[in-house]
Amino acid sequence: MIQTVDINIKTTQQTRLAEVDFNNIAFGKHYSDHMFIADYLEGQWTDFRIVPYDYLRMSPANATLHYGQTIFEGLKAYKGSQGGALIFRPDMNAKRFNRSAVRMCMPEIPEEVFLSGLTELVKLDAQWIPDRPGTSLYIRPFMYAADEYIGVRPSDTYRFMIFTSPVGGYYAKPVRVKIEMKFVRASEGGIGAAKTAGNYAASLYPARLAAQQGYDQLIWTDSKNHTFIEEAGTMNIMLVINNVLVTPPTSGTILEGITRDSILTLARDWGVKVEERKVSVDEILEAIQSGTLQEAFGAGTAATVAHIQAIGYQGTDYELPPVEGRKLSLKILKELEDIKHGRAEDKFGWIVSV
Ligand SMILES: Cc1ncc(COP(=O)(O)O)c(C=O)c1O
């Protein structure tokens, strides 16, 4: 049960629903009618409100624009098979958000504000949740430094907001990924585990180079020697080697994915052997060559499971076994999608229904 907080609600005079072609939704292009806002002033979160979606007015000297003190989350609401909206593990996003806040020197937001704001907003804009297979309502909570101040120091004031966006499928096809051996996303002691803008900004240039070489995504490697794999652009990486589900540990340089955690929980529950441990690039190449690498996929909110079709390393592409034979990742994908849409038993209490 989510503890509710008082939220002042001002609804729109004119819904924009008709502007969206729900049969053909682009990712990240449409925004629902309303947004949630809370302000942090004089050391307190105040003024919880839902208002019509609108642009922000901001000083050119806003600290976020220059120094990047900002964090965000991403999760989804699904149209339930019995109607209504189902949100997948929002409490995990609230907790991760606050871990990011601590690392970025920002105030934590009470979990009940995060969750009440989110559920009230989804309830109000429930008509924006698409219902074709693969579609959902993407939810974007974020917080930014609000001080009008030029100088490197934590802001005194902040704004927390949530808006939502109807989305279609993310990766329709299995992806080709490149193992990145030059650039790094995060290093030990850095901000890799925080969901903060700088991590994504740093990834743009290497990702563009990889795209120019024909890859959909990168797999980052450790910053010291490029020996061990870390994660992909917006996904954690999972492999099935010799019937064992293997994934790198959450040791501070990768994002602690909620899909990752959900998959490991399901797999352990099914009796699958799971290993959270360092995985070297050499181990992957050897497993491909000896035929023991059975499956490889990215795990994240956007695609849930994105099958990896080929891995590029130092100019050579290694093709992986066909997706049709990938028993475990196909079973995981089906089970998670069924839980998210209310078609399978919610054994772990992951679904918040609004
Ligand atoms: C860098 C990064 N890694 C992993 C993930 C997967 O996390 P989740 O499963 O919580 O979406 C994401 C997506 O949020 C991400 O941005």
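**Entry 1**

I began with Asp338 and Lys334, which both lie in helix α7, 4 residues apart, about one turn of the helix. Helices here are DSSP runs of H or I with at least four residues, strands are runs of E with at least two, and both are numbered from the N terminus. I noted that the model is a predicted one, in which local features need pLDDT of at least 70 and side-chain atom pairs count only at pLDDT 80 or more, while totals for chains, interfaces and linings use all residues. Residues are numbered from 1 along each chain as its sequence is written, and side-chain values use heavy atoms, with hydrogens and water left out.

I found a salt bridge between Asp338 and Lys334, with the closest N and O atoms 2.6 Å apart. The term requires a side-chain nitrogen of Lys or Arg within 4 Å of a carboxyl oxygen of Asp or Glu. I then looked up the accessibility of the two partners. Asp338 counts as buried because its relative accessibility is 11%, whereas Lys334, at 54%, counts as exposed. The classes are buried for under 20% relative accessible area, exposed for over 50%, and partly exposed in between, computed with a 1.4 Å probe on protein chains only.

**Entry 1. Other salt bridges**

Asp39 is buried, at a relative accessible area of 10%. I also recorded that Asp39 and Arg159 belong to a network of salt bridges that includes Asp47 and Arg49.

Next I examined Glu231 and Arg185, whose side chains meet in a salt bridge at 2.9 Å, N to O. Glu231 lies in strand β11 (residues 229–232) and Arg185 in the loop between β9 (175–179) and α4 (197–212), so the pair ties together parts 46 residues apart in sequence. Both residues of this pair, Glu231 and Arg185, are buried.

I took the domain bounds from the assignment, which is automatic or from a database; it gives domain 1 (8–169) and domain 2 (175–335). The C-alpha centres of the two domains lie 27 Å apart. Their contact takes 17 residues from domain 1 and 16 residues from domain 2, contact meaning heavy atoms within 4.5 Å.

Where does the largest pocket lie? I found that it lies between domain 1 and domain 2, because both give residues to its lining. A pocket is an open set of points on a 1 Å grid over the protein atoms alone, where a 1.4 Å probe fits, with protein on both sides within 12 Å along at least five of seven lines; lining residues have an atom within 4 Å of a point.

I noted about 580 Å³ of space in the largest pocket, the volume being the space filled by probe spheres set on the grid points, which are joined across faces, edges and corners. The lining has 31 residues, and those closest to the pocket centre are Phe72, Tyr138, Arg140, Lys195 and Thr234. The elements that each supply at least two lining residues include α2 (90–103), β7 (136–145) and β15 (293–300). Helix α5 gives the largest share, 3 residues. By class, I recorded 13 nonpolar, 12 polar and 6 charged lining residues. Nonpolar covers Ala, Val, Leu, Ile, Met, Phe, Trp, Tyr, Cys and Pro; charged covers Asp, Glu, Lys and Arg; polar covers the others, Gly among them.

I located Ala197 in helix α4, where it is partly exposed at 32% relative accessible area. Leaving out residues up to four places away in sequence, Ala197 touches Thr70 and Phe72.

His341 is in the loop between α7 (327–340) and β18 (351–353). His341 is buried, with a relative accessible area of 12%. With the same exclusion of residues up to four places away, its contacts are Tyr78, Lys79, Gly80, Ser81, Leu86 and Thr135.

**Entry 2. Positive phi values**

Glu42 has phi near 50 degrees and is in the loop between β2 and β3 (44–52). Glu42 is exposed, at 80% relative accessible area. Asn243 has phi near 70 degrees and lies in the loop between β12 (236–241) and β13 (244–247). Asn243 is likewise exposed, at 57%.
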